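This report covers helix packing, nonpolar cores and aromatic ring pairs in one protein model. Please keep the sequence and the structure in view while reading.

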Amino acid sequence: MLLKSVYLLVRRVLSLAVLISRTDLAKDAELLVLRHENAVLRRNAGQVRYEPEDRVWFAALARLIPRRRWADVFPVTPATLLTWHRKLAANKYDTSKRRRPGRPPTIPAIARLVVRLATESPLWGHRRIHGELTRLGVTVAPSTVWEILHAAGIDPAPRRTGPPWRQFLRA
């Protein structure tokens with residue numbers, strides 16, 4: 001019995017020493033947690049539901065409070081806090097919605113320009129059109145020009161109505 005009393009007394013003295021030595025930042029963070037918890041409880045009449053903003057707030061304040069105090073301060077378990085923080089960090093580095101796999105689509109203005117050049121100059125093939133676009137400062141691959149012309153129903157390499165090259169050289 002005496003040992004138990006000494007243990008409790010020493011524990012109280014040490015907790016008082018910890019309270020005195022604790023920084024004002026941690027105390028202020030605890031107050032903010034308690035105030036926010038109060039606001040959440042006022043907002044929810046029945047079952048308490050934490051919204052994403054509440055979770056962000058608690059996860060951010062958890063960094064300011066020593067981990068050994070989390071169970072006493074927060075309305076949820078420390079494991080729940082760590083789970084919320086882990087999900088927030090995972091969402092930050094989630095790149096699945098930023099860009100789709102594969103080649104990005106051609107800009108519609110470039111496609112219109114390619115079709116316009118092909119209709120205004122019917123003897124130009126896709127390589128000549130690519131060269132003209134390069135002169136204009138438009139960066140596009142020759143294969144892309146070919147695909148644009150093919151999709152528009154224009155022959156990418158038009159047939160010319162003259163003699164073939166070998167026959168021309170013989171003559």
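Contact here means heavy atoms within 4.5 Å. Helices (H or I, at least four residues) are DSSP runs, numbered from the N terminus. The model is predicted: local features need pLDDT of at least 70, side-chain atom pairs count only at pLDDT 80 or more, and totals for chains, interfaces and linings use all residues. Residues are numbered from 1 along each chain as its sequence is written, and side-chain values use heavy atoms, with hydrogens and water left out.

Helix α2 spans residues 24–43, 20 residues in total. From first to last C-alpha it reaches 29 Å, close to the 28 Å expected at 1.5 Å a residue, where the expected span is 1.5 Å times one less than the number of residues. Its buried residues are A26, A29, E30, V33, H36, E37 and V40. Buried means under 20% relative accessible area, exposed over 50%, and partly exposed in between (1.4 Å probe, protein chains only). Seen down the axis of α2, the buried residues fall within an arc of 130°, so they line one face of the helix. The arc is taken from the directions from the helix axis to the C-beta atoms. D24, R35 and R42, on the other side of α2, are exposed. The buried residues of α2 pack against α3 (52–62) and α4 (70–73).

In helix α8 (residues 142–151), the buried residues are T144, V145, I148 and L149. They fall within an arc of 135° when seen down the axis of α8, so they too line one face of the helix. H150 and A151 are exposed on the face turned away from the buried side. The buried residues of α8 pack against α6 (108–120) and α7 (126–136). After α8 comes G153, with a positive phi near 85°.

**Nonpolar cores**

A nonpolar core is a set of buried Ala, Val, Leu, Ile, Met, Phe, Trp, Tyr and Cys residues joined through side-chain atoms within 4.5 Å. The largest has 14 residues, and V33, F58, I65, F74 and L81 have the most contacts inside it. Two or more residues of this core come from each of α2, α3, α4 and α5 (78–92). A second, separate core has 11 residues, including I110, A118, I129 and V145.

Which residues does F58 contact, leaving aside its neighbours within four places in sequence? They are V33, H36, E37, Y50, F74, P75, L81 and W84.

**Aromatic pairs**

Rings of Phe, Tyr and Trp (its six-membered ring) pair if their centres lie within 6.5 Å; planes under 30 degrees apart count as stacked, over 60 as edge-to-face and the rest as tilted. By this rule there are 5 aromatic pairs. Two of the pairs involve F58:

| Pair | Centre distance | Plane angle | Class |
|---|---|---|---|
| F58 and F74 | 5.9 Å | 90° | edge-to-face |
| F58 and W84 | 6.4 Å | 15° | stacked |

F58 lies in helix α3 and F74 in the loop between α4 and α5, 16 residues apart. W84 lies in helix α5, so its pair with F58 ties together parts that are 26 residues apart in sequence. F58 is buried at a relative accessible area of 0%, F74 is buried at 5%, and W84 is buried at 9%. Ring pairs link Y50, F58, W70, F74 and W84 into a cluster.
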